[in-house]
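Please examine the sequence and the three-dimensional structure shown below. The paragraphs that follow lead through the structure step by step.

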Amino acid sequence: MSTLIKNGILVDSQNLTMNKCDILIEDGKISYISDSITPARVAQVIDVSGFIVMPGLVDMHAHLREPGYEK
């Protein structure tokens, strides 16, 4: 199954840029990034116009404790 993410603003932290682009995901992995991808035989198209697309953020300093034991 493939998914096409259309019109997202891609954050590239290595080159410090933000560009509007399309992202094709096949079998759970990014297979192609381009300015414009025509949806041909794509199972799902998600239009993210005006939204930022970037890698997931993880808080490495999160404290996972039971409620009431925050300190």
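This is a predicted model: local features need pLDDT of at least 70, side-chain atom pairs count only at pLDDT 80 or more; totals for chains, interfaces and linings use all residues.

F51 counts as exposed because its relative accessibility is 55%, where exposed means over 50% relative accessible area, buried under 20%, and partly exposed in between, computed with a 1.4 Å probe and protein chains only. F51 lies in the loop between strand 4 (44-47) and strand 5; strands (E, at least two residues) are DSSP runs numbered from the N terminus. Not counting residues up to four places away in sequence, F51 touches G8 and I9, a contact being heavy atoms within 4.5 Å.

Residues are numbered from 1 along each chain as its sequence is written, and side-chain values use heavy atoms, with hydrogens and water left out.

The strands may be considered next. Strand 1 and strand 2 pair in the antiparallel sense over nine bridges, and two strands are said to pair if DSSP finds at least two bridges between them. Within this pairing, I9 stands opposite K20 of strand 2. The hairpin of strand 1 and strand 2 has four residues between the strands, and L16 takes a positive phi near 55 degrees there.

Strand 2 is also joined to strand 3 (residues 29-34) by five bridges, and these two strands run antiparallel. I23 has I33 of strand 3 as its bridge partner. The hairpin of strand 2 and strand 3 has two residues between the strands, and D27 in the turn has a positive phi of about 55 degrees. D27 counts as exposed, because its relative accessibility is 67%. The C-alpha atoms of D27 and H61 are separated by 32 Å, and the two residues are 34 residues apart along the chain.

How many salt bridges does a search of the whole structure find? The search finds one, a salt bridge being a side-chain nitrogen of Lys or Arg within 4 Å of a carboxyl oxygen of Asp or Glu. K6 forms this salt bridge with D22, and the closest N and O atoms are 2.7 Å apart. K6 lies in strand 1 (residues 2-12) and D22 in strand 2 (residues 17-26), so the pair ties together parts that are 16 residues apart in sequence. In general, side chains of opposite charge can pair when their charged atoms come close. Are K6 and D22 buried or exposed? Both K6 and D22 are buried, and for K6 the relative accessible area is 15%. Leaving aside neighbours within four places in sequence, K6 is in contact with several residues, among them C21, S36, V45 and D47.

The nonpolar residues complete the picture. The largest nonpolar core has five residues, namely I5, C21, I23, V48 and V53; such a core is a set of buried Ala, Val, Leu, Ile, Met, Phe, Trp, Tyr and Cys residues joined through side-chain atoms within 4.5 Å. In soluble globular proteins, nonpolar side chains tend to be buried together. Leaving aside neighbours within four places in sequence, the contacts of C21 include I5, L10 and I33.
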